[in-house]
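Let's take a friendly walk through a structure together. Keep the view open as you read.

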Amino acid sequence: MSDEDSKELADAGTFGLKAEFHAHPAIASKDLIALMEKLLVDVGTKVTEERGMMLGHIKAFVSTGRGTLKINLIDMDIGPETLDRLSSPTAEKGEIKFMAALVGLDDHEVEEIMEDSLGILEDRLELEIEEHEHDHEHHH
Amino acid sequence: MIVCQLAGFLGSGKTTLLVRLGSELSKAGRRVAIIVNEVGEVGVDGAVIDSFGLKSVEITEGCICCSLSGSLQNTLRAITREFKPDIIMIEPTGIALPSIVAKLVRMAMIEEDRMITICLIDAYRALKLFREANLFVSRQIAGADIVAVNKMDLVSEDVAKNVAKILEEMSPQSEIVYISAKNGDGVAPLVKLLEEAE
């Protein structure tokens, strides 16, 4: 359709990962929220340090089987915006989807920053990062 | 059947608006199909949309306006044939060019009655975006039927006026509306437009 590559035009790099998590002992939902917010802010801080500003979107979605958590970081001045729909006071396990699209970085740089920041979660959560399958369409 | 594209730069609030519009239209008895595109390997938005009880088809690992244009057209045809929706809502990535997506929809030959492109702009970051990514953002806005200035709950009247002035110069043919997808302000006319567009 078009010879233009919109990702190149926008000068944006992207990366996403999916991980199962287990918490031993169970983590309080408020602590899980704080941990996830810290993860996104850490990525945003590193991007700002590297590029002088953050232009893009860092987002995460957590499902625990007993509710969901959605966190967006778009602007460092506003900080993380969290939609807490967790219905249980604690979580023992669940799934995390973590994705970022950032202007001024390439895919590899975004991946490196995000993976480096995952250490924040690993202090409290046991993570099993899923190998990516190269399917283009995922039906929900 | 109408096709509505909710476009806009990264973080402009596309998914939040899509959930709100999709939920309202479903409540009104419309059959709503949703196609959501993520440029990365792992999609977050499809999971968010589904968690609100809506059903989406997620296209990942590229952009539907360029590398995955064929996937978009195949998905449009399959949804039209199998689900027979009243409305198909498309959420492209934040780095897609909506004018190209609109052309792809027209070329998919799904016999839509109308195609509407709504391009969102984040009022809070608009001036920064116009400064740092002006060329790209202006290409996203160009040709939109409606430019929805979102996150009005976060800005002062003065900022809103400045944003409006720039948008009027950037895309004079577009209708400009002011909304907060988060709290629902200004969204009702968009729901009405989509309900009545069939």
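**A helix and its surroundings**

The buried residues of α6(B) are covered by elements of chain B that include β1 (2-8), α4 (98-107), β5 (114-122), α5 (126-132), β6 (146-150) and α7 (157-170). Helices (H or I, at least four residues) and strands (E, at least two) are DSSP runs, numbered from the N terminus, and contact means C-beta atoms, placed from the backbone, within 7 Å. This is a predicted model, in which local features need pLDDT of at least 70, side-chain atom pairs count only at pLDDT 80 or more, and totals for chains, interfaces and linings use all residues. Residues are numbered from 1 along each chain as its sequence is written, while chains are lettered from A and ligands numbered from 1 in the order in which they are written.

Which residues of helix α6 (residues 134-141) of chain B are buried? They are B:Val137, B:Gln140 and B:Ile141; buried means that 20 or more other C-beta atoms lie within 10 Å of the residue's own (exposed: 12 or fewer; partly exposed: in between), with C-beta atoms placed from the backbone. These residues lie on the same side of α6(B), because they cover an arc of only 95° around the axis, taken from the directions from the helix axis to the C-beta atoms.

Now turn to β1(B). Seven of its seven residues are buried, so β1(B) is largely enclosed by the rest of the structure. β1(B) pairs in the parallel sense with β5(B) over seven bridges; strands pair if DSSP finds at least two bridges between them. There, B:Val3 stands opposite B:Met115.

Conventions:
Contact = placed C-beta atoms within 7 Å.
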